[in-house]
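Welcome! Please take a moment to look over the sequence and the 3D view before reading on.

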Amino acid sequence: MLPGSDKLSDLWKRDGEIDEALRRETATIPLVRAPEILHLQVTERCNFACPKCYLPELNATSPETELTAGEFETKVLRPVSDLGVSKIVITGGEPFVYRDLFQVLRCARDLFQEVFVGTSGFFLDDKNTDRVLDTELDCVQVSLDAASDQLLEKLMGCKTARRLWPNLERFVRRRDQRGASTRVVVATVISRHNIHEIPAILDRCRNIGVDSVTLQAYHEYDIIYRPETIEWPARVRYDDDFLRQMFSLVDQVIKAKRNGCHLFPHPEYYFLNLYTFFADRPALKVKCEADDFLFVDSRGYLRGCIFSAPLGHVDNGILSYLTSPEYHRFIEFKNDCHLCTHGCAYRPPMD
Ligand SMILES: C[S@@+](CC[C@H](N)C(=O)[O-])C[C@H]1O[C@@H](n2cnc3c(N)ncnc32)[C@H](O)[C@@H]1O
């Protein structure tokens with residue numbers, strides 16, 4: 001049985017429909033816990049080449065292998081929402097590189113209570129800004145790891161990265177002009193390469209009027225979990241100078257929160273864990289909450305978390321994945337894994 005599990009039949013009760021025959025038929029299936037959030041990579045392709053990217057398949061899968069928007073609807077979005085999953089994170093790769101993104105977004109808007117899109121912001125020109133706002137997404141998250149154009153170009157491996165801040169500014173301005181309710185979040189990944197620019201990033205975000213900033217740690221992992229082997233990553237050491245800057249940043253954030261600043265939605269202990277992640281990772285004891293998510297990639301593969309190899313495929317059914325020995329074994333593994341800063345490192349500020 002999976003920890004904290006609901007009865008499978010309760011999943012159906014949530015929809016207000018109890019089919020007795022189905023309930024009897026499913027009574028022998030192992031009990032499962034319905035995930036809360038669908039994490040959907042519509043593509044693994046990206047117009048940037050960030051050396052830090054955790055995706056092993058970055059730019060390695062072709063458009064032909066990606067599910068079509070119709071397939072995403074019938075094989076992923078509908079069955080997952082039928083299971084009672086109410087929130088969706090649409091990401092990539094770069095989601096705006098996926099040809100029928102807006103079709104997927106509209107379908108997600110119809111089927112899920114909360115729709116969240118994570119993007120570099122590169123494609124948020126006038127036209128796409130209006131189309132995104134027309135779609136009435138709950139949240140758009142833009143990733144920005146540097147305040148200066150020089151560092152941004154270096155971290156993203158491309159000169160065009162200088163469009164990102166102006167695009168973000170335009171998006172927030174247009175959102176405000178239209179009185180739209182889409183929240184704008186900036187996600188910043190902290191590493192030894194950009195720690196010195198984090199205060200300037202926060203200043204720019206405040207001046208532009210973004211709703212919140214998610215500060216994350218650079219995770220030096222790609223695949224850790226495979227059904228046949230677990231590859232625990234080597235220990236990484238950060239120097240004293242970096243740790244001093246991290247400590248001072250966490251101190252400033254916590255003080256700002258205590259003074260009523262709303263820019264940082266995560267609780268104080270999250271920022272303390274962020275420091276521990278760099279300073280003393282073996283002491284990090286954050287409960288992994290990857291089972292709050294269902295991770296689906298552009299080809300329909302299902303994973304335990306973003307650091308897991310594929311464990312199933314949507315063609316074989318989502319419920320059959322959630323009740324499979326492969327998923328079950330991953331859950332046992334993840335209960336003992338404390339490698340991420342907030343349970344699931346990529347949990348967006350949705351609640
Ligand atoms: C892989 S990107 C995909 C979506 C989109 N292209 C973007 O730029 O946001 C999703 C998020 O993961 C972050 N990210 C990528 N590699 C990471 C790593 N190794 N550690 C921590 N965060 C990472 C990115 O900065 C971004 O905020």
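The report below goes from the whole chain to its core, its strands and the ligand.

## Ground rules

This is a predicted model, in which local features need pLDDT of at least 70 and side-chain atom pairs count only at pLDDT 80 or more, while totals for chains, interfaces and linings use all residues. Residues are numbered from 1 along each chain as its sequence is written.

## The chain as a whole

Let's begin with the overall picture. The chain holds twelve helices and nine strands; helices (H or I, at least four residues) and strands (E, at least two) are DSSP runs, numbered from the N terminus. Of its 351 residues, 39% are buried, a term for residues with 20 or more other C-beta atoms within 10 Å of their own, the C-beta atoms being placed from the backbone.

Two residues are in contact if their C-beta atoms, placed from the backbone, lie within 7 Å. Taking contacts between residues at least 6 apart in sequence, 75% join residues at least 24 apart.

## The nonpolar core

A nonpolar core is a set of buried Ala, Val, Leu, Ile, Met, Phe, Trp, Tyr and Cys residues joined through C-beta atoms within 7 Å. The largest one here has 89 residues, and Ile88, Ile90 and Ala108 have the most contacts inside it. Strand S5 (residues 183–190) gives the most to this core, six residues.

Which residues does Ala108 touch, leaving aside neighbours within four places in sequence? They are Leu77, Ile88, Ile90 and Val115.

Now follow strand S2 (residues 87–91), where five of five residues are buried. Lys87, Val89 and Thr91 lie on one face, Ile88 and Ile90 on the other, and both faces are covered.

S2 pairs in the parallel sense with strand S1 (residues 37–41) over five bridges and with S3 over four; strands pair if DSSP finds at least two bridges between them. Leu40 stands opposite Ile90, and Ile88 has Val115 of S3 as its bridge partner. From S2 the chain crosses through helix H4 (residues 101–111) to S3 in a right-handed β-α-β crossover, which means that, with the strands pointing away from the viewer, the path from the first strand over the helix to the second runs clockwise. S1, helix H3 (residues 69–82) and S2 also make a right-handed β-α-β unit.

## Around the ligand

There are 17 residues around the ligand, and Tyr54, Ser120, Ser143, Ala187 and His219 come nearest; a residue counts as near if its C-beta atom, placed from the backbone, lies within 6 Å. Strands S3 (114–119) and S5 each supply at least two residues of this shell.

Technical notes. A residue is buried if 20 or more other C-beta atoms lie within 10 Å of its own, exposed if 12 or fewer, and partly exposed in between; C-beta atoms are placed from the backbone.
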